[in-house]
Amino acid sequence: MISVGIDVSKGKSMVCVMKPYGEVVCPPFEINHTAGEMDEFYIAR
């Protein structure tokens, strides 16, 4: 199973994708809460 962790704060979110036993699929990255970045994240994933 793949897990997605999202740490949401006021102006940005941190996202990380992992497999069981801590294998990192996608290292943590930051998304600012702007329409452009949220659309880019939604479309790219």
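Strands β1 and β2 (residues 12-18) run antiparallel and are joined by 6 bridges. Strands here are DSSP runs of E at least two residues long, helices are runs of H or I of at least four, and both are numbered from the N terminus; two strands count as paired if DSSP finds at least two bridges between them. Within this pairing, G5 sits opposite C16 in β2. Together with β3, the two strands make up an open, antiparallel sheet of 3 strands in the order β1-β2-β3. On average, neighbouring strands are turned by 10 degrees against each other, direction ignored (axes are lines fitted to C-alpha atoms, with angles from 0 to 180 degrees between N-to-C directions).

This is a predicted model, with local features taken at pLDDT of at least 70, side-chain atom pairs at pLDDT 80 or more, and totals for chains, interfaces and linings over all residues. Numbering starts from 1 along each chain as its sequence is written, and side-chain values use heavy atoms, leaving out hydrogens and water.

As for the whole protein chain, 1 helix and 3 strands are found, running β-β-β-α from the N terminus. The C-alpha trace spans about 35 × 20 × 15 Å along its principal axes. Of the 45 residues, 13% are buried, meaning under 20% relative accessible area with a 1.4 Å probe, protein chains only. Among contacts (heavy atoms within 4.5 Å) between residues at least 6 apart in sequence, 5% link residues at least 24 apart.

Key: Buried < 20%, exposed > 50% of the residue type's maximum accessible area, 1.4 Å probe, protein only.
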